[in-house]
Amino acid sequence: MRIAFYAPLKSPDAPTPSGDRRMARLLMAALRAGGHDVFLASRLRSRDGQGDLALQARLARLGARFADRFVQRCESGIIAKPDLWFSYHLYYKAPDLIGPAVARRLGIPYVVAEASNAPKRADGPWADSHRRTLDALGQAALVIGFNSRDKPCVAPCLGPGGRYINVKPFLDGLPYSINPSAGSDLRAELGIASDEPLLLAVGMMRPGAKINSYRALADALSRLPVDRRWALVIAGDGAGRPEVEASFAPHRRRVHLLGAVDAARLRFLYQAADILAWPSINEAYGMALLEAQASGLPVIAGDVGGVPDIVSDGATGLLSPEGDAVAFARNLDRLLLDMDLARRLGAAGRKQANHSHSLESVAGQLNMALQALSC
């Protein structure tokens with residue numbers, strides 16, 4: 001199939017890294033692995049984070065104009081008509097202002113990956129964007145969900161013949177290699193004692209859920225026994241760094257902020273650490289959690305969103321209620337006191353990632369689902 005791909009929240013070639021950009025790229029790679037001809041149809045970002053009605057109206061006009069041009073170019077033969085339109089991640093703050101119109105006018109299937117429905121936004125400043133998202137879901141022939149907790153609100157929005165399937169979040173390049181010396185190398189680099197359990201946190205430092213997660217982690221660490229041994233390495237940066245530094249100020253001698261790191265350095269950190277600790281406030285599912293497990297790292301996280309679709313509580317990691325610093329600290333202390341358990345959870349997580357979260361396995365699922373649309 002020739003597939004027009006679009007990500008209204010963040011284009012896969014956007015300059016700023018994020019989990020959304022990563023998943024958009026992975027989806028394009030998975031579709032190509034299935035033998036499809038995938039091209040980026042538009043870079044228009046439809047996000048309005050403030051409920052700005054004027055901005056929403058301007059974006060809607062831009063989307064309509066782009067849809068008109070796209071259809072005209074297809075009908076005139078300037079570009080080859082796609083067999084399918086595929087949009088990734090739409091919700092009330094970032095509706096799809098292009099895909100539904102193009103798919104309807106060209107008579108091709110409209111497919112969505114990762115959509116959410118927030119009924120409380122039916123009124124208020126995002127009401128129009130909410131309605132557009134519902135209309136798009138009503139037109140979708142297929143909706144692919146990565147967060148199983150989205151389904152109860154999304155599936156009822158599908159129109160006649162619309163289908164919803166759950167797919168596991170996934171990674172490329174599995175299985176990841178293991179570097180047995182990474183832990184000792186990082187400890188030597190940062191001046192951490194060889195017997196100090198090494199915790200890792202990975203996340204951008206931006207206002208909202210990410211900063212709240214860092215605060216929750218700092219709170220949990222403060223609840224550990226004062227004689228408990230640990231060191232924390234943080235990979236991430238952003239406008240909220242001063243707030244993060246302030247949150248960890250009581251532990252400054254134990255905390256190492258590395259700033260933004262590239263993919264190779266991050267892979268090394270996963271291999272070097274003993275435990276990935278991330279409270280997951282308002283997390284959709286968390287690519288860092290999956291990358292950590294693929295590297296053999298046990299995960300302590302919050303039980304929220306699609307995190308349980310990645311982290312199996314008691315099997316590959318430990319989950320606690322979202323925002324519950326006491327429960328998070330209890331899980332953290334449990335592994336700090338039992339590193340053998342931590343290693344068993346990490347080994348199980350690596351096995352699970354390789355079996356259920358590979359690009360190749362998801363490419364096969366997507367291919368079967370898309371083929372069914374043409375039957």
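The backbone oxygen of Ala284 lies 3.2 Å from a polar atom of the Asn147 side chain, a polar contact in the sense of a pair of N or O atoms within 3.5 Å, where within protein one must be able to donate a hydrogen and the other to accept it, and residues adjacent in sequence count only if both atoms are side-chain atoms. The model is predicted: local features need pLDDT of at least 70 and side-chain atom pairs count only at pLDDT 80 or more, whereas totals for chains, interfaces and linings use all residues. Residues are numbered from 1 along each chain as its sequence is written, and side-chain values use heavy atoms, with hydrogens and water left out.

- Asn147 is found in the loop between strand S5 (142-145) and helix H5 (151-154); helices (H or I, at least four residues) and strands (E, at least two) are DSSP runs, numbered from the N terminus.
- With a relative accessible area of 6%, Asn147 is buried; buried means under 20% relative accessible area, exposed over 50% and partly exposed in between, with a 1.4 Å probe and protein chains only.
- A polar atom of the Asn147 side chain also lies 2.9 Å from the backbone nitrogen of Arg149.
- Leaving aside neighbours within four places in sequence, Asn147 is in contact with Tyr164, Asn166, Ala284, Gly305, Gly306 and Asp309, contact meaning heavy atoms within 4.5 Å.

**Helix H2**

- Helix H2 covers residues 53-75, and its 23 residues should span 33 Å at 1.5 Å a residue, which agrees with the 33 Å between its end C-alpha atoms; the expected span is 1.5 Å times one less than the number of residues.
- Asp52 caps the N-terminal end of H2, with a side-chain oxygen 3.0 Å from the backbone nitrogen of Ala54.
- Just after H2, Gly77 takes a positive phi of about 85°.
- The buried residues of H2 are Gln56, Leu59, Ala60, Gly63, Phe66, Ala67, Phe70, Val71 and Cys74.
- The elements covering these buried residues include strands S1 (2-6), S2 (37-42) and S3 (84-90), together with helices H3 (99-106) and H4 (127-139).
- Ser129, placed in helix H4, is buried at a relative accessible area of 5%.
- Apart from neighbours within four places in sequence, Ser129 is in contact with Gln56, Tyr92 and Pro95.

**Helix H1 and its packing on H13**

- Helix H1 (residues 19-33) and helix H13 (residues 359-373) pack at an angle of about 70°, with their axes 8 Å apart; axes are lines fitted to C-alpha atoms, for helices over the stretch in contact, and angles run from 0 to 180 degrees between N-to-C directions.
- This makes H1 roughly perpendicular to H13, given that angles under 35 degrees count as roughly parallel, over 145 as roughly antiparallel, 65 to 115 as roughly perpendicular and the rest as oblique.
- The contact is made by Leu26, Leu27, Ala29, Ala30, Leu31 and Ala33 of H1 and by Leu359, Ala363, Leu366 and Leu370 of H13.
- Ala24, also found in helix H1, is buried with a relative accessible area of 0%.
- Not counting residues up to four places away in sequence, Ala24 touches Phe5, Ala7, Pro12 and Tyr88.
- Ala24 and Gly306 are 282 residues apart in sequence and 17 Å apart in space, C-alpha to C-alpha.

- Helix H9 (residues 263-272) has as its buried residues Leu266, Phe268, Leu269, Tyr270, Gln271 and Ala272.
- Their cover includes H6, strand S7 (198-202), strand S8 (231-235), S10 and H10.
- Ser295 is placed in the loop between H10 and strand S11 (299-303) and is buried, with a relative accessible area of 6%.
- A polar atom of the Ser295 side chain lies 3.0 Å from the backbone oxygen of Glu291.
- Ser295 touches Tyr176, Ile178, Arg267 and Tyr270, not counting residues up to four places away in sequence.

**Backbone geometry**

- Most residues other than glycine have a negative phi, and most peptide bonds are trans.
- His89, in strand S3, has a positive phi near 65° and counts as buried at 12% relative accessibility.
- Asn282, in the loop between strand S10 (275-278) and helix H10 (287-294), has a positive phi near 55° and counts as exposed at 61% relative accessibility.
- The peptide bond from Leu174 to Pro175 is cis, with omega near 0°; Pro175 is placed in the loop between strand S6 (163-166) and helix H6 (182-190).
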